[in-house]
Amino acid sequence: MTNDLTGVWFGEYGYPLGEAPVTFIASIDDRGGLLTGRTDEPNTFAMPGAARLFAHVQGACRDGIVSLTKTYDGTGGAIHSVAYTGELSPDGNTVAGIWRTRGWSGRFTMSRPVVPEAEFDEALETVDE
């Protein structure tokens, strides 16, 4: 599988105790299967006062399996890492799997929007004007 995962991904992760899922945005750069990027999510667990939490991600995609480590950048006092492992969909636009950290785990999913070619071409024409 040779999908390039570069782009903006919208996702959510859930907790094992049934709390509401947490949404996030990930910006991923794929360089031959090596992944780097950043995430942005609402603060649901760190110190009050930080509305959002940010993290660096790094990992890889091999044979349709995406492995990422997300390390929070210290905003709101969050500095731990979270391991994500998921399966890439055949079309290369969705990843679903499990996250794990400090004895906790849960499910996650992330996807990138697919813009129909006609809409993409129309947007390019607007930019070129």
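Hi everyone. Two strands pair if DSSP finds at least two bridges between them. Helices (H or I, at least four residues) and strands (E, at least two) are themselves DSSP runs, numbered from the N terminus. With that in hand, here is a pair to look at: β7 and β8 run antiparallel and are joined by eight bridges.

Before going further, a word on what is on the screen. This is a predicted model, in which local features need pLDDT of at least 70 and side-chain atom pairs count only at pLDDT 80 or more, while totals for chains, interfaces and linings use all residues. Residues are numbered from 1 along each chain as its sequence is written, and side-chain values use heavy atoms, with hydrogens and water left out.

Let's start with the overall layout. The protein chain has eight strands and one helix. Reading from the N terminus, the order is β-β-β-β-β-β-β-β-α. Of its 129 residues, 36% count as buried; buried means under 20% relative accessible area, exposed over 50%, and partly exposed in between, with a 1.4 Å probe and protein chains only. The chain exposes about 7,800 Å², and carbon and sulfur atoms supply 57% of that. These areas come from the Shrake-Rupley method with a 1.4 Å probe, and for residues only the protein chains shown count as cover.

Now, what sits inside? The largest nonpolar core has 24 residues, and those with the most contacts inside it are Leu5, Trp9, Tyr13 and Val66. A nonpolar core here is a set of buried Ala, Val, Leu, Ile, Met, Phe, Trp, Tyr and Cys residues joined through side-chain atoms within 4.5 Å. The elements giving two or more residues to this core are β1, β2, β4 (52-62), β5 (65-72), β6 (81-88), β7 and β8. Take Val66 as an example: not counting residues up to four places away in sequence, Val66 touches Leu5, Leu35, Ala60, Cys61, Tyr84, Thr85, Gly86, Leu88 and Val95. A contact means heavy atoms within 4.5 Å.

Next, the aromatic rings. How many aromatic pairs does a search of the whole structure find? The search finds seven. Rings of Phe, Tyr and Trp (its six-membered ring) pair if their centres lie within 6.5 Å; planes under 30 degrees apart count as stacked, over 60 as edge-to-face and the rest as tilted. One of the pairs is Tyr13 with Trp99, which is edge-to-face at 6.1 Å centre to centre, with 70 degrees between the planes. This pair links distant parts of the chain, since Tyr13 is in strand β1 (residues 7-13) and Trp99 is in strand β7 (residues 94-101), 86 residues apart. Tyr13 is buried, because its relative accessible area is 4%, and Trp99 is buried because its value is 3%.

Another pair is Tyr15 with Trp104: the ring centres are 6.3 Å apart and the planes are at 85 degrees, so this pair is edge-to-face. Tyr15 counts as partly exposed because its relative accessibility is 22%, and Trp104 is partly exposed, with a relative accessible area of 40%. Tyr13, Tyr15, Phe24, Trp99 and Trp104 form one aromatic cluster. Lys70 lies over the face of Phe24, at 5.9 Å from the ring centre. For that label, NZ of Lys or CZ of Arg must be within 6 Å of the ring centre and within 35 degrees of the ring normal.

Finally, a tour of the loops. Leaving aside neighbours within four places in sequence, His80 is in contact with Phe45, Lys70, Thr71, Tyr72, Thr101 and Arg102.

That last name is worth a look. Most residues other than glycine have a negative phi. Arg102, though not a glycine, has a positive phi of about 40 degrees. Arg102 belongs to the hairpin of β7 and β8, which has two residues between the strands, and counts as exposed because its relative accessibility is 65%. Asp63 also has a positive phi, near 50 degrees. Asp63 is found in the loop between β4 and β5 and counts as exposed at 76% relative accessibility.
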